[in-house]
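Subject: Structure handover

Hi,

Here is the structure I promised to pass on. Have a look at it first, and then read on for what turned up.

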Amino acid sequence: MVHEGASPGPRAGAAASATAIEGTFVVYGGAERADGGGLQGRGDAWALQLLGDTEAAWELLLSENDASAPPGRNAHTLTKVGAVGTTTQLLLHGGWQPFVRTFEDTHELYAVSYTHLRAHETDSY
């Protein structure tokens with residue numbers, strides 16, 4: 001499989017979460033090596049679209065530098081819970097910042113036409 005352009009950086013992918021939305025694979029978070037050792041939780045979301053049998057394309061949906069992005073984390077859940085028109089609602093729940101903090105929060109992520117995510121913190125379900 002060949003892809004061109006930007007893609008998620010190296011990370012402990014098993015600690016990320018993912019869900020499928022109409023032929024697009026959405027990956028959130030995970031952990032990467034931190035400066036000085038250890039792990040640092042990621043707070044970005046990427047979409048992987050398969051383009052035929054031999055090509056794929058990654059697209060950044062939510063930068064961890066976005067003001068609405070939840071804090072970086074790994075070992076969390078990401079679940080599609082509904083859709084209205086071209087907007088899909090995802091719930092991001094829990095996880096932890098490695099060796100620093102455990103999250104008990106829930107964030108609604110809205111995929112708008114699968115090119116951008118908006119995040120909104122909610123009361124825990």
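A quick definition before the details: a residue counts as buried at under 20% relative accessible area, as exposed at over 50%, and as partly exposed in between, using a 1.4 Å probe and protein chains only. Please keep in mind that this is a predicted model, in which local features need pLDDT of at least 70 and side-chain atom pairs count only at pLDDT 80 or more, while totals for chains, interfaces and linings use all residues. Numbering starts from 1 along each chain as its sequence is written, and side-chain values use heavy atoms, with hydrogens and water left out.

**Salt bridges**

In general, side chains of opposite charge can pair when their charged atoms come close. Here a salt bridge means a side-chain nitrogen of Lys or Arg within 4 Å of a carboxyl oxygen of Asp or Glu, and the structure holds four of them.

For the numbering, strands (E, at least two residues) and helices (H or I, at least four) are DSSP runs counted from the N terminus.

R42 also meets E64 in a salt bridge, again at 2.9 Å, N to O. E64 lies in the loop between strand 7 (55–62) and strand 8 (77–84), 22 residues from R42. With a relative accessible area of 12%, R42 is buried, whereas E32 is partly exposed at 24% and E64 is partly exposed at 32%.

Another salt bridge pairs D105 with R73, whose closest N and O atoms are 2.7 Å apart. D105 is in the loop between strand 11 (101–102) and strand 12 (106–112), and R73 is in the loop between strand 7 and strand 8, 32 residues away. Both D105 and R73 are buried. Through shared partners, salt bridges join E32, R42, D44 and E64 into one network.

**Y28**

Y28 belongs to strand 3 (residues 24–28) and is buried, with a relative accessible area of 0%. A polar atom of the Y28 side chain lies 3.4 Å from the backbone oxygen of P70.

Note on methods. A polar contact is a pair of N or O atoms within 3.5 Å; within protein, one must be able to donate a hydrogen and the other to accept it, and residues adjacent in sequence count only if both atoms are side-chain atoms.
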